[in-house]
Amino acid sequence: MNDIDIPLEIIENAVTPRGEIQLQRRGEAFEIISNGTFLMATYNGESERLLVRRALELVPSPDKVLIGGLGVGFSLQEALLDPRVKEATVVEIEAKVIDWNRSVLAHVNGHALEQTRTRLIHADLVAWIRETVESFDLICLDIDNGPDWKVFDGNASLYDAAGLAALRNRLRPNGCLSFWSATPSPDFVLRLREVFGNVEIREVPQTHGEPDYIFYVR
């Protein structure tokens with residue numbers, strides 16, 4: 001049976017200050033849709049996990065991890081699988097996404113929000129990263145479909161030179177910053193090189209559609 005033939009069940013549709021957000025299910029898989037744009041699903045979590053897993057490999061002592069965007073909880077779960085991580089902070093703007101991760105999605109990410117090393121912040125990451133004075137060993141960001149396909153226009157400032165400088169200031173020595181993207185985004189890669197130097201790029205093939213991309217800088 002093709003995916004298009006699997007009945008779609010809408011679990012919840014809600015209106016937020018940023019528009020409409022919806023949680024839906026196809027068979028055993030869950031999908032999150034924002035303003036009609038597909039955000040993520042539970043059937044293709046390899047790239048969301050690799051966003052964190054590879055960054056953990058690049059950092060000798062990842063005590064503090066920051067994850068931008070909760071999604072279905074795969075990135076947070078991946079951070080918690082590493083015993084070296086003492087605290088995993090996740091910043092999520094949508095209250096509904098938080099609610100779903102505490103309820104219907106909890107089983108797919110190992111109840112990650114309930115773990116003692118998890119710290120949840122309900123906030124706009126773009127504003128929060130500019131206001132905080134905290135620093136992290138890892139910063140792993142998945143709040144958009146990538147620099148070229150932003151969920152909200154206001155997120156654009158995260159990917160410009162000033163936004164990258166703010167992120168660099170939040171990294172500890174030997175820290176790593178990673179970005180998830182649905183496109184190869186060559187212009188963004190050039191900006192990363194201008195601010196950080198070398199960029200490691202991982203291409204993650206997908207069963208459906210084009211590959212995902214992850215960018216790592218140190």
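**Exercise 1. Find the ring that lies under the charged end of Arg-49.**

Solution. Start at Arg-49 and look at what its charged end covers: that end sits over the ring of Phe-74, 4.3 Å from the ring's centre. Keep in mind that you're looking at a predicted model. Now try the search again from Lys-64. Its charged end sits over the ring of Phe-136, and here the distance to the centre is 4.8 Å.

**Exercise 2. Work out which residue stands opposite Phe-136, and how the strands β8 and β9 run.**

Solution. Step one: go across from Phe-136 and you land on Leu-171 in β9. Step two: check the strands themselves. β8 and β9 run parallel, and 5 bridges join them. Step three: look at the other partner of β9. That's β11, again joined by 5 bridges, but this pair runs antiparallel. Here Phe-179 stands opposite Phe-215 in β11.

**Exercise 3. Decide whether Asp-137 is buried or exposed, and find the side chain it joins in a polar contact.**

Solution. The cut-off for buried is under 20%. Asp-137 has a relative accessible area of 7%, so it counts as buried. Then look for a polar partner: the side chain of Arg-172 is joined to that of Asp-137 by a polar contact of 3.2 Å. Finally, check who else is around. Setting aside neighbours within four places in sequence, the contacts of Asp-137 include Val-59, Ser-61, Lys-64, Leu-171 and Cys-176.

**Exercise 4. Sort the residues of helix α6 into a buried side and a side turned away from it.**

Solution. Begin with the buried ones. In α6, residues 186-196, these are Phe-188, Val-189, Leu-192 and Phe-196. Look down the helix axis: the buried residues fall within an arc of 100°, so they line one face of α6. Now turn to the face pointing away from the buried side, where you'll find the exposed residues Pro-186, Asp-187 and Glu-194. What covers the buried residues? The cover includes α5 (161-169), β9 (171-181), β10 (200-204) and β11 (212-217). To finish, step past the end of the helix: Gly-197 follows α6, and its phi is positive, near 100°.

**Exercise 5. Classify the ring pairs that Phe-188 makes with Tyr-159 and Phe-179.**

Solution. A search of the whole structure turns up 5 aromatic pairs. Take Tyr-159 and Phe-188: the centres are 5.6 Å apart and the planes stand at 85°, so this pair is edge-to-face. The pair links distant parts of the chain, with Tyr-159 in the loop between β8 and α5 and Phe-188 in helix α6, 29 residues apart. Both Tyr-159 and Phe-188 are buried.

Next, take Phe-179 and Phe-188. Their ring centres are 4.9 Å apart with planes at 80°, so this pair is edge-to-face too. Check the burial values: Phe-179 has a relative accessible area of 1%, while Phe-188 has 0%.

Methods:
Residues are numbered from 1 along each chain as its sequence is written. This is a predicted model: local features need pLDDT of at least 70, side-chain atom pairs count only at pLDDT 80 or more; totals for chains, interfaces and linings use all residues. Side-chain values use heavy atoms; hydrogens and water are left out. Buried means under 20% relative accessible area, exposed over 50%, partly exposed in between (1.4 Å probe, protein chains only). Helices (H or I, at least four residues) and strands (E, at least two) are DSSP runs, numbered from the N terminus. The arc is that of the directions from the helix axis to the C-beta atoms. Contact means heavy atoms within 4.5 Å. A polar contact is a pair of N or O atoms within 3.5 Å; within protein, one must be able to donate a hydrogen and the other to accept it, and residues adjacent in sequence count only if both atoms are side-chain atoms. Rings of Phe, Tyr and Trp (its six-membered ring) pair if their centres lie within 6.5 Å; planes under 30 degrees apart count as stacked, over 60 as edge-to-face and the rest as tilted. A charge sits over a ring if NZ of Lys or CZ of Arg is within 6 Å of the ring centre and within 35 degrees of the ring normal. Two strands pair if DSSP finds at least two bridges between them.
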